[in-house]
Amino acid sequence: MNKDKVHPRDALFDAADAPVPELPVCDHYAGVEVRMRKSLEMQGELGPVFDITLDGEDGSPVGGEVEHAHLIAELVNAPQNRFGRVGARVQTVDHPAFERMVDVVVGQAGERVAYLMVPKPRGLADLTRAVGVIDEAIARHGVSRQIPVHALVETHGALRDVQALAAHPRIESLSFGLMDFVSDHRGAIPQSGMSVKGQFEHPLVMRAKLEIAAACHGWGKVPSHCVVTEFKHLSALQEAATKACRQLGYTRMWSIHPDQIRPIVDAFSPTTAEVDQAAEILLAAQAADWGPIRHRHHGQDTLHDRASYRYFWHVLERAHRTSVAGAGQLPGEVRLAFFPAH
């Protein structure tokens, strides 16, 4: 990068603009050992365009939760975790094994685990309790970092407190738990509300999705969209991921099958046209020392200033996060100007 040119991060944002965590757009869940190991292999091949969450809630056998936590810690520390993007979902805060699972993962893999996912908090009080247990384990084991915390919004209480959950300083991301949320309505939402189509049609489900996304964006956190259980229906998955990204404002989405990873990454990647437009505008803006510019697009002249520059910078950042797997590759001039260390 030309030392005389001011980088977009410095020109367009000030100290009051706390950066949103730059998380991969796909969060892949695996709970069975063979699938956990396969996920690590896939991440090594594709690169850190997706996180792996090793599942100690649904993935652990009843009565074997602590033993499963030892396996999770072993895999987090494994050489195959090349990028440091492997997290862990523990049991619910009121589960008898919760504290012991946290103690194992933090004690054995606290320096490397990317985050801890807390499922089914019933509100802010549950999240506060969970964070307290995590931070006590961090202090007890002498871990040198604050481990990021993610949480699932899948209960009525969590949705009521969603603004407070997103505002919590230890929260990095909130995910929507579709299946439990629908079940929590005791049959009032039909089964179709869990389907790849119905989850985008039922008003109560859509309300939850929108409130989570809005809360996350309001507090600078990452909203993560729920699963699509029809894991073999890839065209439907692609459509769902596109809606989550383009219409609902989600910047991350769950995968529950290896075949879902690449379609999610593709759907959350900016198009080539979007990347080219953002690159043209930002390079011209940088040349103009970030003053207003006129840009011709589709035969129309448009004026741009710092407000639109921030939008186009986020487009390039998203393209950069998804480009490792070959999706949305950045032009060489842009990579050199704005991402020279990568």
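**Figure 1. Pairing of strands β1 and β8 in the predicted model.** In this predicted model, strands β1 and β8 run parallel and are joined by 3 bridges. Strand β7, helix α10 and strand β8 together make a right-handed β-α-β unit.

**Figure 2. Side-chain directions along strand β8.** R252 and W254 point one way from β8, whereas M253 and S255 point the other way. In a regular strand, side chains alternate between the two faces of the sheet. All four of these β8 residues, R252, M253, W254 and S255, are buried.

Figure 3. D27 is found in strand β1. Its relative accessible area is 1%, and D27 is therefore classed as buried. The side chain of D27 forms a polar contact of 2.6 Å with the side chain of T53. A polar contact of 3.2 Å links the side chain of D27 to the side chain of Y115. Leaving aside neighbours within four places in sequence, D27 is also in contact with residues including D51, I52, R252, M253, W254 and S255.

Figure 4. Helix α11 covers residues 258-267, and its buried residues are Q260, I261, P263, I264, V265 and A267. In an α-helix, residues three or four places apart point the same way, because there are 3.6 residues a turn.

**Figure 5. N81 in the loop between α3 and β3.** N81 lies in the loop that runs between α3 (65-76) and β3 (86-89). With a relative accessibility of 2%, N81 counts as buried. A polar atom of the N81 side chain lies 3.5 Å from the backbone nitrogen of R85. Not counting residues up to four places away in sequence, N81 touches L40, Q43, L75, V76, V86 and R112.

**Figure 6. Two loop residues with positive phi.** Most residues other than glycine have a negative phi. K120, which is not a glycine, has a positive phi of about 50 degrees. K120 is placed in the loop between β4 (116-118) and α5 (124-140), and its relative accessible area of 25% makes K120 partly exposed. D289 also has a positive phi, near 55 degrees, and is a residue other than glycine. D289 is found in the loop between α12 (272-287) and β9 (293-297). The relative accessible area of D289 is 59%, so D289 is exposed.

**Figure 7. Domain assignment of the chain.** The domain assignment gives domain 1 as 8-13 + 271-339 and domain 2 as 26-268. The C-alpha centres of domain 1 and domain 2 lie 31 Å apart. UniProt, in an unreviewed entry, lists residues 54-258 as "domain: HpcH/HpaI aldolase/citrate lyase". Over residues 54-258, the chain is 43% helix and 14% strand, and the end C-alpha atoms are 14 Å apart.

Conventions: Residues numbered from 1 in each chain as written. Predicted model: local features only at pLDDT ≥ 70, side-chain atom pairs only at ≥ 80, totals over all residues. Heavy atoms only, no water. Helix = DSSP H or I, 4+ residues; strand = E, 2+ residues; numbered from the N terminus. Buried < 20%, exposed > 50% of the residue type's maximum accessible area, 1.4 Å probe, protein only. Polar contact = N/O pair within 3.5 Å; in protein donor to acceptor, adjacent residues only side chain to side chain. Contact = heavy atoms within 4.5 Å. UniProt positions renumbered as here; feature names shortened; annotations may be inferred. Domains from an automatic or database assignment. Pairing = 2+ DSSP bridges. Right-handed = clockwise from strand over helix to strand, strands pointing away.
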